[in-house]
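Have it open while you read along.

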Amino acid sequence: MSEQDDELIEIFIEESKEHLEGIEDNLLTLEEQGENIDDDLINKVFRAIHSIKGAAGFFGLDATKTLAHTTENVLGKIRKRELIPTKQIVATLLQAVDVLNSMMGSPESMNEIDISLPMAGLEQILNEPAGTQAPAPKQSTEAAAPSPTVTDTAMQQAQVSPSTISSSETPLPSPATTSLLPKEKVANIPADALDIVNMKGEVIFRVGKSVLKKAIAESKGGNYVYLVEFSINDDIRARDKKTADILSELNQLVFIVEQNIDEAEQQNRANGYILLSTIMDPDLLSTFLELEIQKLKLLENRTFGAELISSAAPSAPVLSTPTAPMLSQAPEPPQHMETNEVPAANAASAPLKPVKSGNTKNKSEGSIRVNVKILDTLMTLAGEMVLTRNQLLQNLLNNDDEKKLQRAAQRVDTITTELQDAIMSTRMQSVGIVFNKFRRVVHDMSRDLGKEIDLELEGEEVELDKTIIEAIGDPLTHLVRNAIDHGIEMPKDRAASGKPAAGALRLSAFHKAGQVIIEVTDDGKGLDPNKIKEKAVAMGLYTPQELYAMPEQSILRLIFKPGFSTAKEVTEISGRGVGMDVVSSNLSNIGGVVDLESELGRGTTIRVKLPLTLAILPSLMVEVGGEHFAIPQMNLLELQRIPAAKVAHTIEKLGSVNVMRLRGELLPLIDLRDVLDIPKKEIIHPSTGEVLEDTRENVADRRDPKAQQKVVADQREAGERRSHPLSAVNIAVVSAGEFNYGIIVDTLLDSEEIVVKPLGRHLSDCRSYAGATVLGNGRAALILDVVGISQVMELMDTTETELRKRKNEEQNDNANTDRQSLLIVENAEDDVLAIPLGLVERVEKVPRYTIQNVAGRKTIKYRGGSLMLFSIEDVVQIDPICDKSENIFVVVSKIAGREAGIMCSAIVDTIDADITIDEITHRAPGVFGSAIIQDRITLLLDIHSIVTETVPNWIQKSERKLKPYQIDNIESRQDTAAGEEIVPQVLVVEDSKFFMNQIKATIENAGFHVLTAEDGIIALDVLKHNHVDLVLTDIEMPNLDGFGLVERMRADSAFASIPAIAVTSVMGEVAEARSREVGIDEYLIKLDRDQILDRSIHFLNHGRS
Amino acid sequence: MGTANNTIADASNEIVIFQVGETYCGITIDNVQEINKNMEITTVYSAPDYVRGVINLRGQIVTIIDMRKKFHLQPTALSKKMNNVVVNSKGEQIGLLVDNVEDIIPASPEEILPSPPHMNDAMGKYFTGVYKLEEELVAILDMEKLLSKDA
């Protein structure tokens, strides 16, 4: 019994929530429309509240009913154009809706919720003098003050029923005019009979009081007695109903005292009547009967209550109630079935007993509405499944051949997939449910903040799993609030920057690559990367140098770091102690990924990628220690298989973490064995096939510091076991939201769609798992939680510190990173060398036999002259050039004004990359240093010294300009006493220590004095305090680059005349053009010392031309 | 409701007896959902040590508790004699990996004696009573305690 009641209440709540959801939107639209009230819209709202009221009355939820009722009164006035939905009125209505909402949220204490606040507001609106509103009839004011404590619900209902407020020009039909209609019935009427009069005052029935009392006492009855009018044509025939059906249906729910509808139908009368008693209030009854409320006439119960029955004459107007429900001119909205279907639909089957809300328990775990079509599909599929099962069983029983079995199995497969889809679709809900909430958020916030905002919603129909829909509400709200609070500017600021006063906020949802993308876009002020940088520095997250090197996108993404907020002041709206980090982590809990785009002054777009559903997870299966694990595809970026031979130079130890270089980025690696404490790997011996325990430490064993040195050795060992597949390393590169890392596994298996199953309570503390699934072979397998694992391993913190340390080291060390254009060549087989591309004039392919040996020097005929050839191995200690092929390659370079040819066996590549130059390890004649390029240690050739070492007098012959200097523009130096020997001062601006050393040496060797600066800012400072004759500057530098430096120099009269040479490693016309623009006098390639020296001397001699 | 109560009462009168090491343990049958020999146990690494792993029980993932571990005994390799006693606890199915299921015997509540007070060792703390078989003593287990996460 009570369970059924609970179920009813649940349905009521569910329905009410839906009603309320729509109302909010509609109210806001009504407010926008102002005086031009949209009838449909107001009717919709009215009906929604109306049905809540009705059902609440049915369940005896008085507070809810009272509030709904008063709200309805206000709406009624709006509907009749007696009120204009002003901002204030709508705000009050919204407040009432909020309280109703919270009632629906806590069904157990619905009656205890305080309704005084919205009630006061509503009543004030109702009581407002007519002057401020459209003329309001007096009754409405009376009706507007129902006390929630009134217990005589029937009375109250009657008085405050919306129809009572209907226009009252027409006075109530006078009881005196009553006339008796069915005269033939008068005869057998008992003495205490009462006349039951219809709306027009015609007497329809005459019933004994005792009969009525009995009716009320009847279990199905209640304290309401109605005379219900049926229009035979409209209410019965037009609806394809039979009077008998109506009566039998009614009999289940109400007590029928008297009726004449069948009679009326037979006799073709216009109207038939039923006199009944019930516990349903007028609204509910009208809903149930699908009759307009005007057709119900509520008989005042005191009329036939024992004590109150007077000795009134039978003809007395006992039936007139204060209600005028029958006034047809009242513009009552049609009480459509759809708005009220719940109580009606269930009333038929459920026992009708008022339920005190206190007894109600919210037992269920929530219910969901499912499209009937989907249910039909499910039924069909279930049917098919049964058939196929029968078939299968039959096949098995009959020992049918394999083909038949296979067919049946295939069928099962197809049906299962379809079933899965259909069942999944029952869980799908449209994003609109979430989106529509934001109209209110935007409305309220823009009012509070004094901003104007146009909200645009797009893709509301896009569907997502219920769980996801429920989970994205809060993060999206946060994003919307942020956009309004921090993104969109005040109208006057917007006007000042030439934007429309109203900010545009767009929420859109769409499908992309099997995922749903939700974007929150505003056209506000955008994120300021500089502010983010400042904040990052202030928070101690990064140094300015680190930030300089960071791409803008990464800088913007810093806002997802804990504690980050760029708003100057924490506002009440969005400064609630939750930052974007919480948004990001909340979304990643449901498998979502957040990203953003922002343009300063133009606006911001936050993009959330969501999986369609959480129940089925496309995953990659991997194997470690004999167990299978699933890595959700959502987190998977790519797979890397590092051949054993390459392990040694691909994976390196960085502090306590193993990292791997992946396209220039350092990627932290973890071994799943370490994460999960899986015993050491067994190795199948390549030749014997024996199973051995792997003797090497885990590649990424970060907990054993002693293992660290060993790793290197072990890796070498791995390298020796060349080409054996078992010692290759398989890595799944995954994204944990803010950062990526690699998981080392034994074997990478296939992709599978897996069904997610929860883990039991004993395993809930294992953060490495997101759940479990069942594999095709029936075994259970665990699903890895990529974010959880990174937390378990404290990957983010460790890696960040390590990476930072590494960066600092790189900056402080001699090794340095710089962007280089390099020509990669091979000399001996597999021996790679690099030559700065800037020094290369041409590359020629030359048949070996054309090389002539003249007086111990190799030459070829070349462009009408001869070109001297140089062997790298003559100077650099490497293996001699490979002599297998018929041709060799000659790299032609200009050294000290003359062309020289460097021989090599092959041209491998030209690259343009950030490389780290180690100028210590391999420093030797002919070699600048070494660098790891494309995973290989590569020597960086110093062509200049190869040439000069081979032919010591090469330069002397050509280079007479380097003789002692006469500085022509000495007079420009004020700080030098006349006659003193003048040493020109050259300022070298260069952030890379390697190049700084190179250039400094070159210049100093020529006899000049060198001042140094690491970046443009420092250079400006040096310029201020020192006399400088020439500036040699790099282009790419932190804080202020070469372009910026020269630009500022040119703008400052003190430095405008100092010649400036750009010394760079990046080739490109764009850069050259830009350098001319800012006033750079010469654009040179690093490492071309002759050229640098040559031009330096030129400018020192002649100044800026 | 009335009938339901009766069945529960009847069921309480039966005890499932199984062996863990040398010890005979019993649980009232209304706790037990099924007894199976599903030894396809997937190891859950980094789980609490008494969790032997998980199995797939008709689509449900069921945690298997190694009773030997729970009693601080040396765990053994899986064998044919072993059983999973699947119990229902707080809406979750949990499997107890036991060495051997001995019997299911009728026993009225009066026959279960309170367990001796000194039994507070690794095993004893899970005993709620003792039942006397002809030759053996059967320790009746306190499911709540046994399956609580921190114990």
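Which elements do the buried residues of helix 33 of chain A pack against? I looked this up in the predicted model. The partners are strand 39 (985-989), strand 40 (1009-1013), strand 41 (1030-1033) and helix 34 (1042-1051), which belong to chain A as well.

Next I listed the buried residues themselves. Helix 33 covers residues 1016-1025, and its buried set is A:Gly1016, A:Ala1019, A:Leu1020, A:Val1022 and A:Leu1023. Looking down the helix axis, I found these buried residues within an arc of 160°, so they line one face of helix 33 of chain A. Turned away from that buried side are the exposed residues A:Lys1024 and A:His1025.

I also checked how helix 33 of chain A begins. There, A:Asp1015 brings a side-chain oxygen to within 2.9 Å of the backbone nitrogen of A:Ile1017.

Then I stepped back to chain A as a whole. I noted 36 helices and 43 strands. Chain A has 1105 residues, and 50% of them count as buried. For contacts between residues at least 6 apart in sequence, 68% join residues at least 24 apart. The accessible surface is about 50,900 Å², with 50% belonging to carbon and sulfur atoms.

My last entry is on chain B. B:Val54 sits in strand 4 (residues 51-57) of that chain. Is B:Val54 buried or exposed? B:Val54 counts as buried because its relative accessibility is 0%. What does B:Val54 touch? Leaving out residues up to four places away in sequence, I found contacts including A:Leu759, A:Leu763 and A:Ala780 from chain A, and B:Ile41, B:Val44 and B:Ile61 from chain B. B:Thr43, 11 residues from B:Val54 in sequence, is 6.7 Å away, C-alpha to C-alpha.

Conventions: Residues numbered from 1 in each chain as written. Chains lettered and ligands numbered in written order. Predicted model: local features only at pLDDT ≥ 70, side-chain atom pairs only at ≥ 80, totals over all residues. Heavy atoms only, no water. Buried < 20%, exposed > 50% of the residue type's maximum accessible area, 1.4 Å probe, protein only. Helix = DSSP H or I, 4+ residues; strand = E, 2+ residues; numbered from the N terminus. Arc of directions from axis to C-beta. Contact = heavy atoms within 4.5 Å. Polar contact = N/O pair within 3.5 Å; in protein donor to acceptor, adjacent residues only side chain to side chain. Areas by Shrake-Rupley, 256 points an atom, 1.4 Å probe, with all protein chains shown as cover.
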